[in-house]
Amino acid sequence: MYWHTTAPSYRPLATVPENRVYVPADAAGAFTRSCLAFTGGSVVSDDRKADAGEIGLSGRTYRRISISSPFGNTLVMVTDGHLPYPFGREVTGYRVTRLTDTLAKAKSAGATVLWGPHRAAGRNSALVRFPGGYVAEIHDGAETPTA
């Protein structure tokens with residue numbers, strides 16, 4: 001058994017990872033209220049006509065709710081549940097300085113770009129599968145999408 005007797009000491013993260021949650025329309029209000037009550041967060045934006053191209057549904061719109069809280073940022077994507085592969089498999093989004101540089105580095109380490117890059121909501125984003133199967137969204141630009 002390992003026991004910590006000293007608090008960890010390390011630099012804060014340069015950017016805050018973004019939790020990504022897909023919910024159906026009939027649960028969006030309850031989920032958002034519950035999330036805000038638990039985290040003490042606030043809604044940064046609530047775009048009911050967001051470009052669904054950012055979730056692989058070009059030519060359509062969807063509702064995107066951005067939440068900021070002491071627990072981090074959360075991007076709530078309100079959909080009908082019919083998502084093209086690989087959407088819905090990623091649970092975290094990571095902001096980087098330059099998406100193209102990060103994708104090149106990820107590919108050289110054995111990662112596969114599953115989708116993107118795509119420009120929407122003030123940022124370029126891509127979905128990447130890393131060795132071992134972990135899928136994440138990586139983006140540059142805006143910290144959290146705004147309406």
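Is Tyr-94 buried, exposed or partly exposed, and what is its relative accessibility? I looked it up: Tyr-94 comes out as partly exposed, because its relative accessibility is 32%, and the class runs between buried (under 20% relative accessible area) and exposed (over 50%), with a 1.4 Å probe and protein chains only.

A note on what I'm looking at: this is a predicted model, where local features need pLDDT of at least 70, side-chain atom pairs count only at pLDDT 80 or more, and totals for chains, interfaces and linings use all residues. Residues are numbered from 1 along each chain as its sequence is written, and side-chain values use heavy atoms, with hydrogens and water left out.

**Helix H1**

Ala-28, Thr-32, Cys-35 and Thr-39 are buried in H1. I remembered that an α-helix has 3.6 residues a turn, so residues three or four places apart point the same way. The buried residues of H1 pack against strands S1, S2, S3 and S4, where contact means heavy atoms within 4.5 Å. After H1 comes Gly-40, with a positive phi near 70 degrees.

**Ser-125**

Next I went to strand S7 (residues 123-129), which holds Ser-125. Ser-125 is buried, since its relative accessible area is 6%. Leaving aside neighbours within four places in sequence, its contacts include Trp-115, Pro-117 and Glu-137.

**Salt bridges**

I searched the whole structure and got 10 salt bridges, each a side-chain nitrogen of Lys or Arg within 4 Å of a carboxyl oxygen of Asp or Glu. One of them joins the side chains of Asp-80 and Arg-60, at 3.7 Å from N to O. This pair links distant parts of the chain, 20 residues apart: Asp-80 sits in the loop between S4 and S5, and Arg-60 in the loop between S2 and S3. Asp-80 is partly exposed at 49%, and Arg-60 is partly exposed at 41%.

Arg-123 is in S7 and Glu-137 in S8 (residues 135-141), 14 residues apart. Both are buried. They also belong to a salt-bridge network with Glu-18, Arg-20 and Glu-90.

Definitions and conventions:
Helices (H or I, at least four residues) and strands (E, at least two) are DSSP runs, numbered from the N terminus.
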